[in-house]
Structures are given as C-alpha cells and as structure tokens.
Amino acid sequence: MEFIQADIVVVGGGGAGLRAAIAIAEADPGLSVALVSKVYPMRSHTVAAEGGAAGVVLDEDSLEAHFHDTVAGGDWLCDQDAVDFFVGQCTREMVQLEHWGCPWSRREDGRPNVRAFGGMAMERTWFAADLTGFHMLHTLFQRSLKHPSIRRFDEHFVCDLLVDQGQASGVLTVEIATGEFRAIEARAVIVATGGAGRVFRQNTNGGIVTGDGMALAYRHGVPLRDMEFVQYHPTCMPGTGLLFTEGCRGEGGTLVNRDGYRYLQDYGLGPPDPWPRKKAMELGPRDRISQAFWHEERKGRTIPTPHGDAVHLDLRQLGRAKLRERLPQICELARDFLGIDPAEAPIPVRPAVHYTMGGIPTDVNGAAPLPGLYAAGECASSGIHGANRLGSNSLAELCVFGRAAGEQAARYVREAAGRNGAALRWQAQDARERVLRILARGGAGGERLAVLRDEMAQSMEHGCGIYRLGHEVEDTCRKLAELKARLDNVALADASAAWNTEWLCAIELGFQLDVAQAMAHSALARRESRGAHQRLDPGCEARDDASFLKHTLAFHAFGGAPRIGWSDVVITRSPPGVRAYGGAARELAHA
Amino acid sequence: MPDGRSITLDILRYDGARDAKPRVQAYTIPFTDDMSVLQGVQYVKDNLDGSLAFRWSCRMAICGSCGMMVAGIPRLACRTFLRDFAPGPLAIAPLEHFPIERDLVVDIGGFMDKLGQVKPWIEPRVARALEEGAYRQSPRELERFESFSHCINCLLCYAACPQYGHDPKFLGPAATALLQRYNLDSRDGASQERMEAAHSEEGVWSCTAVGYCSEVCPKAVDPANAVNRTKTESAIDWFARFVRGGE
C-alpha cells in the first residue's frame, strides 16, 4: 500500500468538490490538495443538472424574497441563518462562474439571462440553455487545471475515512484501474460525494450516485440529518427516470392529464390563469406537483405507458425556435429516447427520485460535527433545503458551500496539529483487509448483487415513496435489515484486481443500505407530514410544529437499526406559517 | 423475456492479468424496443457475467462515460438502441486507438494531459473584479464559441481519427475544439499562448482532414471545423512573423 500526504483531501470531483479545491488553491497555493474521485471529474453527476442556478439579479427582486421562497418552500424546516448566508452569496458565485467562462445564456444587452423556476417569486435562475450543470461542471473542472497545487486522483474509489483521535485525517482509496490501495493522509477531509438517489428504483441519478460519502461519515459516528426528505422530481421519463427540467415549465410548458386538463388547479395550485405566473400551477414546488400526480393516478386520470402511468408535459406552445434555443437537450432526449418531437407532441412524464435533502450536517462554513471533516453539496445537510428543496438552489449551493468549506478547511489546517501517522497506517491496513474480505469470499454464499440491489430499490419505493404509511415504512425497515445480512453472502464472479466493478458495487451497496436505513428509520420516527415527507396514517397527515419542528438525526449502530435523535431548527425571523401557492397565497396575503 | 425477442452481443473481453490477447465472448439477452446498448451490457453484468467491465453513469448522453465501438462505429452506448441491430450478433468493443485497461474500458490519460495543454480556462482580456458584476457578452458573441463548448469529452472523435490512431501524441479533435472554445470567447485574451499547442508537430497540422470526427460526434460539436479554423489561424500566425519583420 502506498501512503500519500496532503494538507487537505477532497472526496468527490463534482461541482462542490471542484469549487472547494479551487477555493483552497486560491486561499493558499502552498496547501496541497488531493482531489479524489471514483470517476473522472467531468463525469460527476453535476453534469446532468439542466435547468439552472439561483442568484438574485433583477432590480425588482431581493435577497429577502429569495430567503422567504426558500424557507416556505422547505416547509419551515430550513435553518434560517444558513438560508440568509446562502442567498447572500449566490449571485457572487454566479458572477464568479461567469468570470471563469461559464457560457450563461444572455439577454440582448449582453447580461446573463434569468428564467422562472418552481416556488420562486421572481426570475432568478441563471441558465446555460438546459445544460447548466454540464457547463458549470466543465467550467469548474477546466478552471481547476490552472492550479498545480490540486493533485487529482481520478478513478480512485474511497473505501473508508481515516480518523485519528476524533479528527478526520484522510481516506483509504483503491485505484480502480489496478486495484492498488493508496492511503491519503491529511489534516482535513472535505466530503463532496453527492446524493444517494440510486437507493430508489425510478430515479434521475447517474449510476455513481450511491451515497458513499454520507455512509463513510455515518459509520464514523456523524449523524445523518433529515434523511427522510427525499425529493421526487415531477417530470421524468417513465422507466429510466431521465429528467425533463423544471425549466420546461419555467419557459411556459404545461402539465395535463389524460383529458388534456391542467389538473394542478385541483391541488391548491390554481387558478390556472393568468398565465404564466410565478409560484402557481406548473411553477409550484416539486413536492406539491409530485403529490398531485399521485392523486391523479389514483383517480384514474393518468395515461398508461409500458413503465407505469404518466401525465403529459406539453411544450408545443413554446414553438420550435424557442425550444431549440432554451431547451435543446430536452428536445434531444425526447427525440432519441422516446421518438417524440416536443414541438409536435407532448412528452409523457411521471415523478422519479431526484434529490436527497438530508445528509451530513454542517454549519455555514461546511464544518461537520467531526473535527477536520467538512461536507458540501448534496451529501451535506447545510440546512438550506428544509423539507423540500426549490429547483435551482442546489447548483448555487455547490458553489456557495463548496467555496465556504474549502476556505474554512484552509484556515483549519493552519492551526490543526499533525496526525499520528503510525495509527493512521494501522487503520488503513485494517480497512484494506475489510474490503478485501468481500473479494476473497469469491463464489461462496450464493446471493446475487443485482438481486439485492433491486430488492432494496423496490422496498424503498414501497415504504418511502411520495406518500408513506407507517406499516409500509416498517416493512422497508425490516427488508433493509434482511438485505444487510444477505449482503455478507454475496457471491462475486470477478476475482480480478483491475477494474473489478463488481467488487466496488458490493462496497457501494453496503453504503447504500446504510443510507437507506437512515432514510427509512427517520421516516418512521417523523409522525407528521411536511414537505417531501407525507404520511397517510391517522394522526400523521398534517404538519405538527409542536412535536416535529425539529431536524431528524440518524446515528449509525453497528449490526442494528439506527438510533434516531433530534435537533433544533434555527428560526431567526420567519415563524412557521401556512405554505400556500397560487390563488390561496394571494388570499392569505390579503387576509 | 419481455416480448420474446433476443439479441446476441459479441463483446470483446480482455484482462491483462489472464488473457494473452483480447477475445470475443457471446451473450444472448432478451430485449425490448426501448433498451439501449448500455442496458444490454448492464443486463449481461447483472444476470450473466458479473466480471464484465465498462464505464457508465448518467444514462442520458451527457457524462461522456460510455463510448464504445458498436458495430464498428464509435458511439455512446446509452444512446444507441439494441432494436437497430437485432437479432445480432452485435459486435461491442472498446473505443479504438486507446490502450485497453480491461474489457470495454480504455485508458484516457493521454487525452486528460492534452486537455491541460490547451489551457482550458479564461485568461481575461480585460480584468474585472467580482464586484463589477458579469462581463457583457452578446448572444452573437456567445454563439461564436457555443457549439465548441458542448464537448462532453466522450472521445468518440479520437476513436474515429486515423491520425490519432497513427500518432497518439496528436492533439486531436476534442482538445482542439476546446482550444477554439476559449480562443473564440470574447472574454478571453490568451489565444496566442494557446496556439503554441496547436503549432507544434503534434498540433493541428498532422490532421489529414478526413472529417470522420465530426460525423461521430454525439453533440454536434464539429471538431473538424475547430481543427480547420486552427490550421487557418496557425498559418496566418506563421505569415505574420514575416510581416512583423521576422524573429
């Protein structure tokens, strides 16, 4: 095993990890940064984000409005100090990306353009056609190449976190191409590994989105916060779950049922006219729109497809020229995967799992409860999303909190003491032996990896879907415990050292089962309905601020179910109120 | 089998630790009309042979991971459909012109180095503080470089490029497209420095103008156009030396 020293190790080469690495290099080019990613950075899942990134720019808009949209959108489970910090930094970060070359779509006068997005009162979503995540990721990656202090470890899989005397102190990696182990020792670790949507069946996520960083921190005693809040994006391709951006609706697309009826008006988001209008109908928040689909399906007003029922996303009214300018990738996806020209025919869509609101708890500097550990991006619970994230807040979050975590980690390592190298090496050897045991088991046991993975995904959909029932969540909790036991009996067909993705998938499935357990047990403990967590059992159907205006904390317990604890929500100036959209919001304002 | 149809995939296998040379292994799998080649190889891995190695992630033709030779042509596996090749046999092989790491996985380290050589970042023509806000760039100015910015680094163009096959040091289509992406950006002022990479022996001049790179590009980046532009600019640079009175 090779041992490598760095000042800071960043795990994950997506938007948040790259932004953190650049922030460290800019803060102090003398600090060595090890940027570790299980894929080449430009493959990271930031690449698939389409619609845009939030940042207040219009004269008639305000940080206050962005704050209130975000807090109400999150059903008041947001930490308001974090939201304040966040909205205050978004625009700076969008301008920073612009200076680094991000090809933002432009207005005629040459300023970056902004579009409307769900739950946002104003146009404040910066976009690069419908390739925003792609362009942000490539801009950040290419920019990172300018900094010699960033040493990349591409296609290195992180097996474990190294912790010395209660301080995060590095990671154990395996080089995928060779199977060789490398331990990277550092005085700070920034986790930026993205979400965990692949624990569900129909999802918008890439195959790499397996919750690795969340599970690594969790196993070392860091609680995972608000994990029951999983976002279903309402407009995805039936079967594969591929995403049709909310930007489709931001640009004027409508959602209609089998009868051509704009059904969202039946679910507290109407009236449908005048159109277009912010924070109403198709520009409502994602949780409400996905929930409306669930009801339409049960009323039998949806459209059957070979991969489950759908509604229609109708973009015909935009016209071919606007579709080509604003939504080229959507046109390409509809054409290539469905044989549909959106200028001529509506696109069948249904909700699919998209985003994990919860994760590793952090303060506004990205610091996690374990000293020396930082987290940023989807793997973190920075407190800004609460019970439901608004579209375009996550791409902005990558930059705001990626930078904050990078700068804070750079400050931290100036003061932090050196680590006990001998203890870390022993720990790395131990972790290495643990993951090699999975490989050594070979063909014994008889369980098949793909079967376990499918059973997990089915069970999560059953118990932790758009609406939840206590006894179904309990089914899922039991199933996950069973799958964890069966994981020990997985038979691997591959015994090679080079590119043994079967072995790595087995390690990932272990991460996924831990994260899934945190989700299911948190969902069971939260006996109320809030944002993306909706329960149908008696007594749990409404929001219950008296008992549950709290963050959920899931603590890992070896060999057993997670222990659930709670922590306070930071409320600074927006007391929990009624979450209303469309005409209901107007009535409330006038009441 | 969902609707009773099946297809045979002839997949190239190679593991340097045990195989003296690559071999072809055949797998017959059930398929439906909407199944991609990627879903086909995933079916093989999940159900028939867990040892098959290939890269993939997004499934939607944007991460650039799953480039392979499918029926002899470089394509993204996620956006190529089995129905077009049934009942097979369909030949699936790693991207040509790259060393094989294992099975369908190739070594792209050489491209990653080239990417760095073209300085793919803005060196501002006019410095601007963040407090001054965004640069102005008209939609027309954006349009000048926009298509070159669509490169997903899938490397199908390198697998299509005979010159790259002949000389792996050749800068090649995607890296040249990125060079132009920054050179044509109204905010940038470093085209001269970037042209150093293009002038050299392994720069754009060894391109033999086959144009196959643009044909296989899944994102209409048109790297052949980038290479041609760069050749023209490189020639102008060369003549400009004499106009300036030599060096």
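This report walks through a predicted model of a complex, from its confidence scores to its strands, domains and chain contact.

**Confidence**

The predictor gives the complex an ipTM of 0.97 and a pTM of 0.97. Chain B has an average pLDDT of 93. In that chain, 96% of the residues score at least 70.

**Where the chains meet**

Chain A brings 45 residues to the contact, and chain B brings 44 residues. On the side of chain A that touches chain B, the elements giving two or more residues are α3 (80-99), α4 (132-144), α9 (328-338), α12 (449-463) and α14 (501-525) of chain A. The most comes from α3(A), with five residues. By class, this side of chain A holds 21 nonpolar, 13 polar and eleven charged residues.

Strand β9 of chain A spans residues 167-175 and is mostly covered. Seven of its nine residues are buried. This strand pairs with β8(A) and is also joined to β10(A). Both pairings are set out below.

| Strand pair | Sense | Bridges | A bridge pair | Residues between strands | Positive phi |
|---|---|---|---|---|---|
| β8(A) and β9(A) | antiparallel | eight bridges | A:Val158 and A:Thr173 | two residues | A:Gln165, about 45° |

Chain B holds an open sheet of five strands, in the order β2-β1-β5-β3-β4, with mixed pairing. Strands β2 (23-30) and β4 of chain B stand at the edges. Each has a single partner strand, so one side of each is left without a neighbour in the sheet. Neighbouring strands of this sheet are turned by 35° against each other on average, direction ignored.

Inside the sheet, β3 (residues 67-70) and β5 (residues 90-93) of chain B run antiparallel, joined by two bridges. B:Val70 stands opposite B:Ile92 in β5(B). Helix α1 (residues 37-48) of chain B packs on the sheet. This helix touches β1 (6-13), β2, β3 and β5 of chain B. Its direction makes about 95° with that of β2(B).

**Two domains of chain B**

Chain B is divided into domain 1 (6-106) and domain 2 (109-243). Their centres, taken over C-alpha atoms, are separated by 30 Å. In the contact between them, 13 residues of domain 1 of chain B meet twelve residues of domain 2 of chain B. On the domain 1 side, β3 and β4 of chain B are the elements that give two or more residues. The largest share, four residues, comes from β4(B). This side of domain 1 has seven nonpolar, three polar and three charged residues.

**A closer look at B:Leu76**

B:Leu76 lies in strand β4 (residues 73-76) of chain B. Is B:Leu76 buried or exposed? B:Leu76 is buried, because 27 other C-beta atoms lie within 10 Å, and 20 or more count as buried. Beyond its neighbours within four places in sequence, B:Leu76 is in contact with B:Ala61, B:Cys66, B:Gly67, B:Cys154 and B:Pro218. B:Trp56 is 20 residues from B:Leu76 in sequence and 9.7 Å from it in space, C-alpha to C-alpha.

Technical notes: Residues numbered from 1 in each chain as written. Chains lettered and ligands numbered in written order. Predicted model: local features only at pLDDT ≥ 70, side-chain atom pairs only at ≥ 80, totals over all residues. pLDDT = per-residue confidence, 0-100. Buried ≥ 20, exposed ≤ 12 C-beta atoms within 10 Å, placed from the backbone. Contact = placed C-beta atoms within 7 Å. Pairing = 2+ DSSP bridges. Axes fitted to C-alpha atoms, helices over the stretch in contact; angles between N-to-C directions. Nonpolar A, V, L, I, M, F, W, Y, C, P; charged D, E, K, R; others polar. Domains from an automatic or database assignment.
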